[in-house]
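Subject: Handover of a structure and notes on it

Dear colleague,

I am passing the structure below to you for your files. Please look it over before reading the notes that come after it.

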Amino acid sequence: MTDEPGTSNSSQPSSTQFECNICLDTAKDAVISYCGHLFCWPCLHQWLETRPNRQECPVCKAGIGKDKVVPLYGRGSSNNVDPREKLPPRPQAQRPAAENRNMGWNGLNLGDGFQMSFGIGAFPFGFFGSMFNVNDGRPRTPPPDTPQYQDEQVISKVFLFVAIFMMFWLFVS
Amino acid sequence: MSSIATTRIQRELKDIKESNNQSIKIELKSDEFNNLRGEIVGPSGTPYQDGMYKLSIKIPETYPFNPPIVSFDTRIWHPNISSVTGAICLDILKDQWAAALTLRTVLLSLQALLSAAEPDDPQDAVVAKQYKDNQKAFVKTARFWAQYYANAPGPRDTDCVEKLRKASEMGFYKDISLQALSTHSWDLENAIQYLTSC
Ligand SMILES: [Zn+2]
Ligand SMILES: [Zn+2]
């Protein structure tokens, strides 16, 4: 934090326009509200936590919130800092689509959603597969819709039928 | 005390020094940053003109996310300030506080409050009633208090001086006599009756 350029030059009056409106120091992890007021994200976050029922800009009382601020990225400001070390996390920047790509946006969005759910669904499957089959190198449960899978289903049903028959026979005799 | 509160107070003290406003002052009471002393000059065109009002300012642990606790040390006759305890009724010191407000803006707001009372949202019901029902007695009392407690300059109202002398000659403390006379809009008989009954 201390090695960031411009943190300790508060004696220069020209730097006041980049000072956080809450801690009055040079804004760190800066965010800007839609009403144009600058804050450190940790400072603004604490303000919003203090007044959960009245989410107002501390300067002008316009509506404000986690989704109503934009993070500011100066040159090399905090890009080299692991964001996980920062609590609370700063809201993400948004990247709205350019005007001329509006037509394809819905389709693209759908595609993304599909890909994402497929990826999540397949993950535990693959995970367990690799867990249980370290030695024989062959999946214990074959994937559905393969001939092998269907064969195993038929065999297990046959065994079940035989077992029921045996029990019935034992009971009768 | 949290580091953000301490650094902010340090910063605010520096800004106030640099702002060069002669009518407001803030200083540390000790080495602690949670206990400060403020002073405002009564605004001109009011009964408080050129009075020096001392304020006690306590900085909570959670400053600036919660407001400072401010009260008048110098006694004042005003509808929104308790004439007994100095407690202040001002929205920005309560639910209208915002983290971007500073001690400087608080003191300037208090000066504004001295210029424009809000009798419909009173702290001192007796003063507020007098302000609404007997404006002349209110101005006379507020001015006398400013001279008596806040060292406001100018000749004192002879009626006030005389009645206060009479009451204290009867053996009542001056502060209590002044309170009783003020409450009864300088009706000496009523004030004495009140003083003897309690
Ligand atoms: Zn800040
Ligand atoms: Zn704002």
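The notes below cover a metal site and then some features of the backbone.

Please bear in mind that this is a predicted model.

The metal site belongs to the zinc ion (ligand 1), which is coordinated through the SG atoms of A:Cys20, A:Cys23, A:Cys40 and A:Cys43 at 2.3 to 2.4 Å. The angles among the four donor atoms run from 105 to 114 degrees, and the site is tetrahedral. Along the chain, the donors are spaced as C-x2-C-x16-C-x2-C. Distant parts of the chain are linked by the pair A:Cys23 and A:Cys40, which are 17 residues apart. Of these, A:Cys23 is in the segment before strand S1 (30–33) of chain A, while A:Cys40 is in strand S2 (residues 38–40) of that chain. A:Cys23 counts as buried because its relative accessibility is 11%, under the 20% cut-off. A:Cys40 counts as buried too, at 4%.

The segment before S1 of chain A also holds A:Leu24. Its phi is near 65 degrees, a positive value in a residue other than glycine. With a relative accessible area of 13%, A:Leu24 is buried.

In chain B, B:Trp186 is not a glycine either, yet has a positive phi of about 65 degrees. B:Trp186 sits in the loop between helix H6 (174–183) and helix H7 (188–197), and is buried, with a relative accessible area of 3%.

Finally, B:Tyr63 and B:Pro64 are joined by a cis peptide bond with omega of about 5 degrees. B:Pro64 is located in the loop between strand S3 (52–58) and strand S4 (69–72) of chain B.

With kind regards

Note on methods. Residues are numbered from 1 along each chain as its sequence is written. Chains are lettered from A and ligands numbered from 1 in the order in which they are written. This is a predicted model: local features need pLDDT of at least 70, side-chain atom pairs count only at pLDDT 80 or more; totals for chains, interfaces and linings use all residues. Side-chain values use heavy atoms; hydrogens and water are left out. Donors are N, O and S atoms within 2.8 Å of the metal (3.2 Å for Na, K and Ca); water is not among the atoms, so sites may look incomplete. Four donors count as tetrahedral if all angles lie between 85 and 135 degrees; four count as square planar and six as octahedral if opposite donors are over 155 degrees apart and all others between 65 and 115; anything else is irregular. Helices (H or I, at least four residues) and strands (E, at least two) are DSSP runs, numbered from the N terminus. Buried means under 20% relative accessible area, exposed over 50%, partly exposed in between (1.4 Å probe, protein chains only).
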